[in-house]
Amino acid sequence: MARQKIQSVSKVEATVDRLYEELGSRVNAVSTNSCPIDVALGFVRLCHSQSCGKCTPCRVGLGQLATLIESVLDGQADMETIDLIEKTANSIYLSADCAIGYEAANMVLVSVKGFREDFESHVKNGKCMCHFDRPVPCVTRCPANVDIPGYIALAAAGRPEDAVRQIRKDNPFPTACALICEHPCENYCRRQMIDDPINIRGIKRYVCDKAGEVPAPACQPATGKKIAIIGGGPSGLTCAYYLQLMGHQTTVFEEKKYLGGMLRYGIPNYRLPRERLQEDIDCILSTGVEVKLNTKIDSPEEIQKLKEEYDALYISIGAHKDKKVRLENEDADGVISAVDMLKAIGNDEYPDYTGKQVLVIGGGNVAMDCTRTAVRAGADKVSVVYRRRIADMTALQEEIFGAQAEGAEILELVAPTRIEADENGKVIGLWVKQQMISRYKKGRPAPADAGEDEYMIPCDILVVAIGQGIESEPFSEFGLPTKWDQIDADDYTYIKDRPGVFSGGDCATGPATVIKAIAAGKAAAANIDEYLGYNHTIESGVEVPPARIYDRTPCGRVNMREKEAGERNNNFEPFEYGMSDKEAMQESNRCLRCDHFGYGCFEGGRIFKW
Amino acid sequence: MVNVTINGKQITVKEGTTILEAANINGILIPTLCFLKDINEIGACRICVVEIEGMERLAAACNNAVEEGMVIYTNSPKVMAARKATLELILSEHDYSCATCARCGNCQLQSLAEEFGLSTDIYKKKVRKIAWNRDFPLIRDNEKCIKCMRCIQVCNKVQGLGIWDICGTGARTTVDVKGGLSIEKADCAACGQCITHCPVGALHERDDKNKVYEALAQTDKVKIVQVAPAVRAAWGEELGLKPEDATMEKMGEALRQIGFDYVFDTNFSADLTIMEEGSEFLARLGDKENNTFPMFTSCCPGWVRFMKSQYPDMVPQLSSAKSPQQMFGAVVKSYFAEKIGRDPKDIISVSVMPCVAKKAECAYENMGSEERGQDVDIVLTTRELIKMIKAANINVAALEDKPLDDPLCDGTGAAVIFGTTGGVMEAALRSAYFLATGKNPDADAFKAVRGYHKGWNEAAFDIEGTKVRCAVASGLGNTRALLEAIRKGEVEYDFVEIMACPGGCAGGGGQPIHPFEMYDVRGERLRKLDFANPIRFSHENPQIKTLYSEFLKAPLGEKSHHLLHTDHWGWKL
């Protein structure tokens, strides 16, 4: 008689596993506009189904919580019900034996705290506070609300030029975004409910590559209004582009030698080739933007002068100041900031690190850019030093993998303590202490001292890439409100009590993404137009092909191919290949057309003009 | 062109044609429920699903285009099973108290259920009621709503008001007044277009039939009824009468059989309106400095409500003339009361209107007086009238064409076209021309303002050297567009006619409901009645002449001022 059996997976278990997996990606896709209480109810029910049934709080309590929450949704509850929900959840959290119970209760506690007003609205008015007005997930989650299903349909229809026009309705940097956008849209793509999100950026790249030069639309009749834009980065140029199309005359003041802001002075050529960036800039300038390069506006007097000479002012100076690690010997020779390193490259001054050992401090995309730049500059060895784990890095995964593939090392859980310099004041190493990952702080696992001795990592070059600051002093001296070093503008790019002065992009939000800066420039253009007493609209004039009906059966996502690491790590040439025609067609046809199927065809499927 | 096969039939249609259209134009019918052409093509109810060869899942026929080579089955077993299940699901949250429903016998859901031969409830009933102000002329019963969203779309896209909105998400998604307001606070024009476009009985007018029955039972009262022009073009539709047989005179007979003592014609007061409003327009035109132009007609209460809520600053530009319904009521409770020697308060004044907003209008506090009471006591819609005729078992086909009652029954051709878009303007111009010049123009001289389409009609006419620039719009969405253009200075007019419902009262919110639009057919009928009338000028109406000589004296005179004109600020929306 055998006494032990090898565990095998039954059909039931395999099916349940599969359902959980599918539910996982469905949950990942997030519904953009559901009633949060309804969602919480669904979660509680799911949690309850996981209860083994041993302990009272979980077995009985979760069911009672679901009943109470449902009574709120059905308008049969009063204010005491909300308190009872909270009290019950709290007692389940305190008394349940295992995580199935207490973590479920915790979700309810988080819900009641996070959207209590919604609970109250249901109780008092019998109505939900939410409104289902943003049905297309990718468009909703794109900060600039680019018509993604629209241009994907145009790509599928073999109309890349129109696709570019459709993108430009909301974003005048189609090519730059095709190459480097962080694509938040993809995270919420409904296609995840079937298989994987659409490769949206890849399709954008395909249409931009394919379309060639697409002229900008004609400007509306001149209004005679003049707008000064301080800062020629993505936000400033976006604002300039739309204001020009509306018939206003803009002048962009740029302190550097070239336009592009962080697109040029933050992102290296191998990710965003200069000539490709120039395609977008050329199109923007073709609308008649005046540009003053090498013109830094850095005194209150100069700002005042612009304020007087122009009808409105848009401040989009970005975040170009380096942040210090505040360690001993930070001023040593060989210690450079990421900002300085990438700025030099932006001005076509490439470093030569042949034979050098390079250390990069940081875990964001800029740190990865510096790392991969150092590899390309011929360094013997490039290592990244990061306080937390690789999994905690804010850099895009593909950037991290890319850097590793190109030969960079990533030292995780290593905290710098001091910089070692030789007698000539030249950096020779970075002292660090080993960390361990530990308890959560502010919702993230935080590192803690692992209790080991300090040690030194030798280096010839130390790049500090821990974030950027904003050079907002002249503006605060001019009298604009600032928070930390950010210009205090609201979500409408308005600055309180300063009519005619607008601000957006990194300088108003802190360092963020290109697409967010573009979105701010777009909002600023609309609000400046409004401020000047106009109501111009921007539209593409492109008709999007109707959605086609076919079964959207599971099909893998086409990812972009890259040059092999050994071919790309010694030069600054672009390394990502665009999609082939065949790949682009397959990928475009995976799109679920949420602009047509679902709520999209009822309301909000497409914003034709803004 | 695209070649497709539907149910085995080879079909060639234009590119972009929906499956539904492709089937319909080839005689293959696909059932629909939420679909409303050009207004609601959202594939929400899923009743119109069809099978496409090569596809596992079914597709909505109403909002998906055919593609080359498609092989479509509209009635395959898969389709039928899915359609039936969907229907059962819809019914599970629909309160089908059909026998007491305003739409019994004229309900798309009821018809579908009947066609499918549904017998038992498969699913547990989950019907949700939502409280509603039952005094408002427009009633919404959530328990009957099937969430087709037509009301939202009609109010948004056609009427440009957006009173309705989606409320809630997921299982609790339903329609409600936008912004969580109650209906009486929502700037609702009460046009009733949501009612006439509701496929079921979720939206209906306040039922005032019982008030009329109670009134008719009062033997010591004089019961009079007036009938609006557009009612005569529609009342026969649900009574099996051909348009040419559904005469005003037959309807009058039916109303007498129901119990009214006097049957009058609102056409009479339409002519009276022209005398007053036309004179007012000429007076304003003669005093350009003290008046802002254009002057707007004021006969449509849906429009007046819209103006008051959406463009309050322009209200002074509304003609001060009361609507024909209210002028009629005022004349009945003064001139007519005198004639028959009765106290105005002994008269119960009922009107039959193609309209829901008229129910609101008659109750405004300044639409009557201390001595007379409300000038119009009860308003019935055309639909309510039809129900009363049916309830009385009147064989309408056998009714005789007997004349209506003196002295308020004469109406000219100019009056009857009040019921269709452009009619008020045309009638006003015919008489304004006469009042200004002393001669009649050709009765068809102003036909450029006829007809309904998106936008508005405009025309300029020369009246003895004075150029009069006119515009006509119907539908509140068109109205908004016109008003915006006027405000922006893009267009300039002297006189503008507005009717809240597309096509005018012919397409009114109180008219019989069909799954298709009828305003054009009914409007055409009214035009025919104008052509056929020997008198086509309001100022030639003999009873109007008598009214002025015996009672009112002159247009815009003292009596007119009190009885026939109103202060639009005298009541609150």
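Let me begin with a quick one: which residue in strand 19 of chain B stands opposite Ser474(B)? It's Met499(B). Before I go further, keep in mind that this is a predicted model.

So, staying with that bit of chain B. Strand 18, residues 466-474, is joined to strand 19, residues 495-499, by 5 bridges, and that pairing is parallel. Strand 18 also pairs with strand 17, residues 457-463, but there the sense is antiparallel, over 7 bridges. In that pairing, Phe461(B) sits opposite Val468(B). Strands 17 and 18 of chain B make a hairpin with 2 residues between the strands, and Glu464(B) in that hairpin takes a positive phi near 50 degrees.

Phe293(B) and Pro294(B) are joined by a cis bond, omega about 0 degrees, and Pro294(B) falls in the loop between helix 8 and strand 12 of chain B. Then there's the bond from Asp406(B) to Pro407(B), again cis, with omega near 0 degrees. Pro407(B) is in the loop between helix 12 and helix 13 of chain B.

Zooming out on chain B, we have domain 1 (2-91), domain 2 (98-108 + 117-205), domain 3 (218-268 + 325-398) and domain 4 (287-320 + 411-564). The C-alpha centres of domain 1 and domain 4 of chain B are 43 Å apart.

How many residues of chain A are in contact with chain B? The count is 17, and they meet 20 residues of chain B.

Over to chain A, then. Its domains are domain 1 (34-125), domain 2 (134-217 + 573-610), domain 3 (226-320 + 470-531) and domain 4 (323-468). Between the C-alpha centres of domain 3 and domain 4 of chain A there are 30 Å. Domain 3 puts 11 residues in contact with 13 residues of domain 4 in chain A. The domain 3 side of that contact has 7 nonpolar, 2 polar and 2 charged residues.

Chain A has a sheet I'd like you to look at. It's an open one with 5 strands in the order 6-14-7-8-9, and the pairing is parallel. Strand 6 and strand 9 of chain A are at the edges with a single partner strand each, so each has one side without a neighbour in the sheet. On average, neighbouring strands here are turned by 25 degrees against each other, ignoring direction. Within the sheet, strand 7 (residues 357-361) and strand 8 (residues 381-385) of chain A are joined by 5 bridges, and Val360(A) stands opposite Val384(A).

Next, helix 17 of chain A, residues 338-346. Its buried residues are Ala338(A), Val339(A), Met341(A), Leu342(A), Ile345(A) and Gly346(A). Why do I say they line one face? Looking down the axis of helix 17 of chain A, the buried residues fall within an arc of 165 degrees, so they line one face of the helix. After helix 17 of chain A comes Asp348(A), with a positive phi near 65 degrees.

Here's a pair I like. Thr493(A) is not a glycine, yet its phi is positive, about 65 degrees; Asp497(A) has a positive phi as well, about 60 degrees. Thr493(A) is in the loop between strand 17 and strand 18 of chain A, and Asp497(A) lies in the loop between strand 17 and strand 18 of chain A too. Buried or exposed? Thr493(A) counts as buried, because it has 27 C-beta neighbours inside 10 Å, while Asp497(A), with 9, counts as exposed.

Last stop: Cys239(A), in helix 13 of chain A. Cys239(A) is buried, with 35 other C-beta atoms within 10 Å. Its contacts include Ile229(A), Tyr314(A) and Ala525(A).

Note on methods:
Residues are numbered from 1 along each chain as its sequence is written. Chains are lettered from A and ligands numbered from 1 in the order in which they are written. This is a predicted model: local features need pLDDT of at least 70, side-chain atom pairs count only at pLDDT 80 or more; totals for chains, interfaces and linings use all residues. Domain bounds come from an automatic or database domain assignment. A residue is buried if 20 or more other C-beta atoms lie within 10 Å of its own, exposed if 12 or fewer, and partly exposed in between; C-beta atoms are placed from the backbone. Helices (H or I, at least four residues) and strands (E, at least two) are DSSP runs, numbered from the N terminus. The arc is that of the directions from the helix axis to the C-beta atoms. Two strands pair if DSSP finds at least two bridges between them. Axes are lines fitted to C-alpha atoms, for helices over the stretch in contact, and angles run from 0 to 180 degrees between N-to-C directions. Two residues are in contact if their C-beta atoms, placed from the backbone, lie within 7 Å. Ala, Val, Leu, Ile, Met, Phe, Trp, Tyr, Cys and Pro count as nonpolar, Asp, Glu, Lys and Arg as charged, and the others, Gly among them, as polar. Lists of a residue's contacts leave out its neighbours within four places in sequence.
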